[in-house]
Amino acid sequence: MLILEAIDSGVYRPGDRLVESELADRFGVSRTPIREALQRLETQSLLTRDGRSLIVASLDHNQLSELYVVRAELEGLAARLAARHATPEEVRVLQEMVEEDGVLLDDPAALSRANRRFHKQIHLASHNRYLVQQLDLVHRSMALMATTSLAAEGRGEDALKEHAAIVEAIHTHDEDRAYAALKEHISKAFVTRLKLDASA
């Protein structure tokens with residue numbers, strides 16, 4: 001869905017107004033599929049109404065806390081299942097991602113995209129389609145956050161070390177350690193985000 005991708009990549013930020021005719025022009029489609037897509041995104045709480053206009057929703061502190069609780073549990077489960085089911089090829093891809101993402105430390109936006117790819121790879125390595133669907137929904141809501149926790153000084157470097165520990169646990173089929181490592185990774189990201197929001 002093009003509108004969702006645009007929100008996810010930061011083209012549209014929380015609080016931005018979405019206008020049917022402008023979206024139709026931008027994406028080169030008629031207004032009917034745009035209208036249907038906007039209705040779907042509103043149903044998923046990714047858009048909210050401001051009078052007659054639709055704007056990109058933003059998350060308040062409570063919503064953010066609730067989202068991170070769910071994300072930590074589901075991501076932890078994905079890591080546990082990946083430790084059980086990941087193929088050698090999937091583990092190799094994760095290892096390569098950790099190695100290659102080191103060059104992105106000075107580019108928080110690129111690191112954030114790489115981070116999403118890394119987590120998505122773990123979701124897929126869980127080999128549980130229903131869990132992947134639920135995590136997709138959670139990550140859609142994550143797009144409503146104005147900044148990435150990876151923008152905080154030193155967080156990118158720490159996150160990559162945490163990624164390496166998660167991959168090592170998956171590689172050695174240590175389900176408990178994979179679950180705990182990914183949950184702790186999400187918790188640290190949340191604490192960093194709270195500090196960022198407090199200083200904003």
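# Notebook: helices, salt bridges and cores in a predicted model

I began with Glu96, which counts as partly exposed because its relative accessible area is 31%. The model I am reading is a predicted one, and I keep that in mind for every entry below.

**Entry 1, the pair in H5.** The side chain of Glu96 meets that of Arg92 in a salt bridge, with 2.3 Å from N to O. I looked up where the two partners sit, and both belong to helix H5, four residues apart, which is about one turn of the helix. An α-helix has 3.6 residues a turn, so residues three or four places apart point the same way. Arg92 is partly exposed as well, at 35% relative accessibility.

How many salt bridges does a search of the whole structure find? The search returns 14. One that I examined joins the side chains of Arg31 and Glu20 at 3.3 Å, N to O; this pair links distant parts of the chain, since Arg31 lies in helix H3 (residues 31–43) and Glu20 in helix H2 (residues 20–27), eleven residues apart. Arg31 has 44% relative accessibility and therefore counts as partly exposed.

I then turned to Lys183 and Glu73, whose side chains meet in a salt bridge at 2.6 Å, N to O. Here too the pair links distant parts of the chain, with Lys183 in helix H9 and Glu73 in helix H4, 110 residues apart. Lys183 is partly exposed at 24% relative accessibility, and Glu73 is partly exposed at 37%.

I checked the length of H3 against its residue count: the helix has 13 residues and reaches 18 Å from its first C-alpha to its last, close to the 18 Å expected at 1.5 Å a residue. Which residues of H3 are buried? I find Ile34, Ala37, Leu38 and Leu41. They cover an arc of only 100° around the axis, which means that they are on the same side of H3. Among the elements that cover these buried residues are helix H1 (2–8), strand S1 (17–18), H2, strand S2 (47–50) and strand S3 (53–56).

After H3 comes Ser45, which has a positive phi near 65° although the residue is not a glycine, and which is found in the loop between H3 and S2. I note for context that most residues other than glycine have a negative phi.

I repeated the length check on H6 (residues 108–125), where 18 residues at 1.5 Å each should span 26 Å; the end C-alpha atoms are 25 Å apart, so the two values agree. The buried residues of H6 are Ala110, Leu111, Ser112, Ala114, Asn115, Phe118, His119, Gln121, Ile122, His123 and Ala125. What covers them includes helix H4 (61–85), helix H5 (88–101), helix H7 (129–142), helix H8 (155–171) and helix H9 (175–199). Just after H6, I noted that His127 takes a positive phi of about 55°. Another positive phi, near 60°, belongs to His173, again a residue other than glycine, and His173 lies in the loop between H8 and H9.

The side chain of His185 makes a polar contact, at 3.3 Å, with the side chain of His119. Leaving out residues up to four places away in sequence, I list the residues that His185 touches as Asn115, His119, Arg155, Ala159, Glu162, His163 and Ile166.

Which members of the largest nonpolar core touch the most other members? Of its 33 residues, they are Tyr68, Leu94, Phe118, Ile122 and Ile170. Each of H4, H5, H6, H7, H8 and H9 supplies at least two residues of this core, and the largest share, ten residues, comes from H4.

Key. Residues are numbered from 1 along each chain as its sequence is written. This is a predicted model: local features need pLDDT of at least 70, side-chain atom pairs count only at pLDDT 80 or more; totals for chains, interfaces and linings use all residues. Side-chain values use heavy atoms; hydrogens and water are left out. The expected span of a helix is 1.5 Å times one less than its number of residues. Buried means under 20% relative accessible area, exposed over 50%, partly exposed in between (1.4 Å probe, protein chains only). Contact means heavy atoms within 4.5 Å. A salt bridge is a side-chain nitrogen of Lys or Arg within 4 Å of a carboxyl oxygen of Asp or Glu. The arc is that of the directions from the helix axis to the C-beta atoms. A nonpolar core is a set of buried Ala, Val, Leu, Ile, Met, Phe, Trp, Tyr and Cys residues joined through side-chain atoms within 4.5 Å. A polar contact is a pair of N or O atoms within 3.5 Å; within protein, one must be able to donate a hydrogen and the other to accept it, and residues adjacent in sequence count only if both atoms are side-chain atoms.
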